[in-house]
Amino acid sequence: LVSIIVDRREVYLLGEMSSEVWINSGAVPFPFTRIPGTSTQQGIAAQYSMSRMGNSFAYVSKNNRGEAMIVRMNGYFPERISTHAVETTLVNQNVSDAIAWTYQLEGHEVYVVTFPSIGTNGLTWAYDATTQMWHKWLYTADDNSYQRHRGNCCAVFQGMVLVGDYANGKIYQLDKTNFTD
């Protein structure tokens, strides 16, 4: 067991190579029961890559045929949302330390996943669930090199989308009218 999430009162248990869904059935002596037909041969490659998105959640997946496909749960089954372009950047890379968070701005829900170990400066991909399009989200450092996006986590507070910076610990507001970091 690598990661766990509760969605619509059902417990999703994601292992290294497979997953299954359980529910609290009230049985005695153990109250949880596996829901038949919910087991999949798709596990999670990065423990912290899971994040809620819409009425479901997304994560970097892994199975016995490979890893680094990004999926979104569709009911009980993972559905591929990553493209070949995204997956090509992840081939033969360490994806186990990936972290993800989501935010919503002007009706666009975005899944942001960062791979700190890829390349010398990391890599961040963002998936807009509304447009179903991906983009790299990079930060331009003082030396004009591209680095992973500075955001490491996100929360909504008093109507603001706040993002925690992994490098300096500061909290910033995500604002569509501000094009600087």
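How much space lies in the largest cavity? The largest cavity holds about 40 Å³. The model on the screen is predicted, with local features needing pLDDT of at least 70 and side-chain atom pairs counting only at pLDDT 80 or more, while totals for chains, interfaces and linings use all residues. Residues are numbered from 1 along each chain as its sequence is written, and side-chain values use heavy atoms, leaving out hydrogens and water.

**First stop: the cavity**

A cavity is a set of points, on a 1 Å grid over the protein atoms alone, where a 1.4 Å probe fits but cannot get out. The count comes to one cavity of 30 Å³ or more. Select Y12, L14, S19, E20, V21, T38, Y59, M73 and Y76 to display the lining of the largest cavity; lining residues have an atom within 4 Å of a point. By class, the lining comprises six nonpolar residues, two polar and one charged.

Next, select β2 (10-14) and β3 (19-24), each of which supplies at least two residues of this lining. Strands are DSSP runs of E, at least two residues in length, numbered from the N terminus. The most is given by β3, with three residues.

**Second stop: the cysteines**

A disulfide is a pair of cysteine sulfur atoms within 2.5 Å, and the structure holds zero disulfides.

Technical notes. 1 Å grid on protein atoms, 1.4 Å probe; cavity = no way out; pocket = protein on both sides within 12 Å on 5 of 7 lines; lining within 4 Å. Points joined across faces, edges and corners; volume = space filled by probe spheres on them. Helix = DSSP H or I, 4+ residues; strand = E, 2+ residues; numbered from the N terminus. Nonpolar A, V, L, I, M, F, W, Y, C, P; charged D, E, K, R; others polar.
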